[in-house]
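Hi,

Here is the structure we talked about. Please load it before you read on; my notes follow below.

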Amino acid sequence: MARILKYVLTVLLLAEALPVLFATVTGSGEQDFARMRSVMVRDQIVARGVTHRATLQAMRTVERHLFVEPSLRSRAYDDNPLPIGYGQTISQPFIVAYMTSLLGLRPEHRVLEIGTGSGYQAAILSRIVDSVYTMEIVRELAASAKKRLQDLGYHNVEVVPGDGYYGLPGKAPFHAIVVTAAAEHIPPPLIEQLDEGGKMIIPVGSQFMVQNLILVEKKKGRITTTNLMPVRFVPFTREEKR
Ligand code: SAH
C-alpha cells in the first residue's frame with residue numbers, strides 16, 4: 001500500500017513538474033509573451049482601427065514586458081497604463097500605437113520624443129525610423145531608460161536628461177515630435193523645431209481637466225491643429241526657469 005502511495009505521489013509530482021521542465025527546455029515563457037503581444041495588437045490596436053503596418057509590426061516585436069518592473073511583467077500586455085515609479089506611467093499600448101501611427105513616419109526620419117519614462121515609446125519609434133532622440137525630466141528615469149535601451153540593443157535611440165519644453169535645437173529640425181506628458185500649452189520651441197511637412201502629437205490640458213490629444217502639422221510654414229480625442233496623461237512638468 002505504502003509503495004503504491006509512493007508511486008502515485010511520484011507520478012503526481014512529476015506531472016506537476018513536467019510543464020515547468022518543458023517550459024524551461026523550450027523557452028515557452030518567451031513564446032507566451034510573443035503570443036500575448038499578437039493578441040494585444042489584434043484585440044486592442046487593430047480592433048480599434050490602427051492600420052499603419054510599421055507601427056503594428058513594431059508593437060508585435062518590442063518586448064513591452066522588459067520595460068516594466070519584474071513583478072508587473074505578467075500584466076505588461078494588459079489594456080491599460082502601468083506604474084514605472086516616480087509617479088509616472090508607461091502609456092497604454094493602444095495610445096502608444098495610435099500616436100505612432102499618426103506621425104507619418106518613414107525609415108529615413110529623425111524623431112523627437114518628450115517624456116522617455118520607461119523608454120518603451122522610444123523603442124517602438126526606433127524600429128520604424130532612422131534615429132530617435134528622447135528627453136526625460138526625471139534624472140533617475142532617464143538613466144534607467146538609457147541603460148535598458150542600450151542593454152536591449154536599441155542603438156539608434158539617444159536619451160537626453162532635461163526639460164523637454166525647449167526641445168533639442170542642436171538636433172532640429174525633426175520630421176516628427178511626440179510628447180507623452182500633458183502640457184498646458186504647446187511649447188513654442190517644439191513647433192519651431194518641427195520640419196516642413198512635419199507632424200507633432202501632444203496631449204494638451206491640465207491635470208484636473210479634460211486633456212485633448214492634438215495633432216500639429218507644419219505645412220508651407222503654416223501651423224494647423226486637429227483635436228483627436230480626449231485622453232489622460234501624467235502632467236508635463238517644468239524645471240526652474242532658465
Ligand atoms: N513615453 C513613456 C511614458 C512616460 S509618462 C513610456 O513609453 O514609458 C511621461 C513622462 O514624461 C514621465 O516620465 C515624466 O517624467 C516625463 N516628463 C514630464 N514633463 C517633462 C518635461 N518637461 N520634459 C521631459 N520629460 C517630461
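The ligand sits in the largest pocket. Keep in mind that this is a predicted model.

Next, where the shell comes from.

Gly164 places a backbone N or O atom 2.8 Å from a ligand nitrogen. Ile137 also uses a backbone N or O atom, at 3.2 Å from a nitrogen of the ligand. With Thr180 the side chain is involved: one of its N or O atoms is 3.2 Å from a ligand nitrogen. How much of the ligand does the protein cover? On its own, the ligand has 580 Å² of accessible area, and the protein covers 99% of this.

One more residue to look at is Thr100. Thr100 belongs to helix H4, which spans residues 93–101. Is Thr100 buried or exposed? Its relative accessible area is 0%, under the 20% cut-off, so Thr100 counts as buried. Its side chain makes a polar contact of 2.9 Å with the side chain of Gln121.

Best wishes

Notes:
Residues are numbered from 1 along each chain as its sequence is written. This is a predicted model: local features need pLDDT of at least 70, side-chain atom pairs count only at pLDDT 80 or more; totals for chains, interfaces and linings use all residues. Side-chain values use heavy atoms; hydrogens and water are left out. A polar contact is a pair of N or O atoms within 3.5 Å; within protein, one must be able to donate a hydrogen and the other to accept it, and residues adjacent in sequence count only if both atoms are side-chain atoms. Accessible areas come from the Shrake-Rupley method with a 1.4 Å probe; for residues, only the protein chains shown count as cover. On a 1 Å grid over the protein atoms alone, a cavity is a set of points where a 1.4 Å probe fits but cannot get out, and a pocket is an open set with protein on both sides within 12 Å along at least five of seven lines; lining residues have an atom within 4 Å of a point. A molecule sits in a cavity or pocket if more than half of its atoms lie within 2 Å of its grid points. Helices (H or I, at least four residues) and strands (E, at least two) are DSSP runs, numbered from the N terminus. Buried means under 20% relative accessible area, exposed over 50%, partly exposed in between (1.4 Å probe, protein chains only).
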